[in-house]
Amino acid sequence: MNYQETLTYLYNSAPLFQQIGKDAYKEGLDNTLRLDEYFGHPHRRFRTLHVAGTNGKGSCSHTLAAILQSAGYKVGLYTSPHLKDFRERIRVNGVPVPASFVTGFVECHRSFFEPLHPSFFELATAMAFHYFAEEQVEVAVIEVGLGGRLDCTNIITPDLSLITNISFDHVQFLGDTLAKIAREKAGIIKPGVPAVIGEANEETRPVFCRQAEAVGAPLWFAEDEPLVRSAEPDEEGHLHYDTTDYPDLCGELGGLCQRKNTNTLLTALRRLRELGYRFSEADVREGFAHVCGRTGLMGRWQRLESHPTLLCDTGHNVGGITYIVEQLRRQQYRRLHMVIGMVNDKDLTGVLRLLPADATYYFTQASVKRALPARQVQEQAARFGLQGEAYPDVASAVRAAKRRVTSEDFIFVGGSSFIVADLLNLYAADTDFS
């Protein structure tokens, strides 16, 4: 099989949460443990950092990897979901896993894993750990897929556990209260392993404290250690931070949520120094300033065009959309155009309630089975005074928006990671699209 045939095989034989949602979810670690034993426990051959949270875990994972790469470490990075290509999930020093490794992995090991009927994520995780071991990475930054306690990445014993925040998402799996969701994510806190919590409240803080006390893990709350004093955007949308540790720190990622992510990261960096990780101030500055180039991060308040501005963001739940709406309020434009679509396991009502009523909407749907029909989103949006037309795909929605804008307008594309994925694929495949 070639690479595309291999991906088709994987998507068809192993349920992909990215495509079908809850039916792809497999609770428990039985398959993961059997795969891990079969491959000889590859995760034990390199150091790891484990990152969980409802929002921000991708940005934090990529930034940690960028800093460590700048310091000269050979760094593995495992994240999900991918936006344009599966290989984005598994990187070494920012370079995606070769297509030949993906095809070889399936060809060599399918006779073992097929009888297990693993999920797509279980197979991808086994592939990532196996690849990192073969590449002899020194440290791997491992992003949790869903939750924490029963996530198949949770077989690792990391040097540091980091949980960015808790918000409502995947409630059918993780629970319908913040405390229940926090309990699942707190499951990555391991005996004796330092843990950093980015954001907490009166409902979630006791959960983290109880878990850390139960396993004897040192615990830090980043909010108790306010290392970021201020954050101001520049003309290019990058953020300039006044911090206690790194004066005038420039961050390439520009969303408002990055201020709290940065405070979390600076707290984590202090812990990593205490653990013996070697990095200079210059390494930290380089990692923050060039995270996208070093790690391939996409879709975080990403500007694709100017005059008019066209920008996308993968925020897809109430917590993420809250930041996006506030960021949009701060932009300068004549008129706002919103290309929006969502998938069927998200809080559609909660998100629509937050969106600005004075924008022109282009309701659409992503090219995944989980996508909510555009007309359904349009009908629900009308209840909140949000007006616009429905379009069958992202391409037609964005083209419609472009036909109606002036050079002083602003087009935002988002509501789902899969809407952003379709958009980025359009730009990659169609040179005339932009």
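Me: Is Arg 271 buried or exposed?
Reply: In this predicted model, Arg 271 is buried, with a relative accessible area of 5%.

Me: Which helix holds Arg 271?
Reply: Arg 271 sits in helix 10, residues 258-274.

Me: And what does the side chain of Arg 271 make a polar contact with?
Reply: The side chain of Glu 225, at 3.4 Å. Setting aside neighbours within four places in sequence, Arg 271 is in contact with Glu 225, Leu 160, Val 196 and Trp 220.

Me: Switching to Thr 364. Where is Thr 364?
Reply: Thr 364 is in the loop between strand 15 (360-363) and helix 15 (374-382).

Me: Buried or exposed, that Thr 364?
Reply: Thr 364 counts as buried, because its relative accessibility is 0% and the cut-off for buried is under 20%.

Me: Which backbone oxygen lies 2.8 Å from a polar atom of the Thr 364 side chain?
Reply: That of Asp 393. Beyond four places in sequence, the contacts of Thr 364 include Tyr 391, Pro 392, Asp 393 and Val 394, and also Val 339, Ile 340 and Gly 341.

Me: What about Phe 105, where does it lie?
Reply: Phe 105 lies in helix 5, residues 99-113. It is buried, with a relative accessible area of 3%.

Me: Which residues is Phe 105 in contact with, leaving aside neighbours within four places in sequence?
Reply: Phe 39, Arg 110, Phe 113, Leu 123, Ala 126, Met 127 and His 130. Leu 123 is 18 residues from Phe 105 along the chain, and their C-alpha atoms are separated by 9.9 Å.

Me: Why is helix 8 described as largely enclosed by the rest of the structure?
Reply: Because six of the eight residues of helix 8 (residues 178-185) are buried. The buried ones are Leu 178, Ala 179, Ile 181, Ala 182, Glu 184 and Lys 185.

Me: What is phi for His 41?
Reply: About 50°, a positive value although His 41 is not a glycine. Most residues other than glycine have a negative phi, and most peptide bonds are trans. His 41 is in the loop between helix 3 (30-38) and strand 1 (47-52), and is partly exposed at 24% relative accessible area.

Me: And what is phi near for His 117?
Reply: Near 50°, again positive in a residue other than glycine. His 117 lies in the loop between helix 5 and helix 6 (120-134). It is exposed, with a relative accessible area of 54%.

Me: Whole chain now. How many helices and strands?
Reply: There are 17 helices and 17 strands. The radius of gyration is 21 Å, close to the 22 Å that the globule rule gives for 434 residues, so the chain is as compact as a globular protein of that length. Of the 434 residues, 59% count as buried.

Me: How many positive and negative side chains?
Reply: The chain has 45 positive and 53 negative, and the centres of the two sets lie 2 Å apart.

Conventions. Residues are numbered from 1 along each chain as its sequence is written. This is a predicted model: local features need pLDDT of at least 70, side-chain atom pairs count only at pLDDT 80 or more; totals for chains, interfaces and linings use all residues. Side-chain values use heavy atoms; hydrogens and water are left out. Helices (H or I, at least four residues) and strands (E, at least two) are DSSP runs, numbered from the N terminus. The radius of gyration is taken over C-alpha atoms; the globule rule is 2.2 Å times the number of residues to the power 0.38. Buried means under 20% relative accessible area, exposed over 50%, partly exposed in between (1.4 Å probe, protein chains only). Lys and Arg count as positive and Asp and Glu as negative; His and the chain ends are not counted. The place of a charge is taken as NZ of Lys, CZ of Arg, CG of Asp or CD of Glu. Contact means heavy atoms within 4.5 Å. A polar contact is a pair of N or O atoms within 3.5 Å; within protein, one must be able to donate a hydrogen and the other to accept it, and residues adjacent in sequence count only if both atoms are side-chain atoms.
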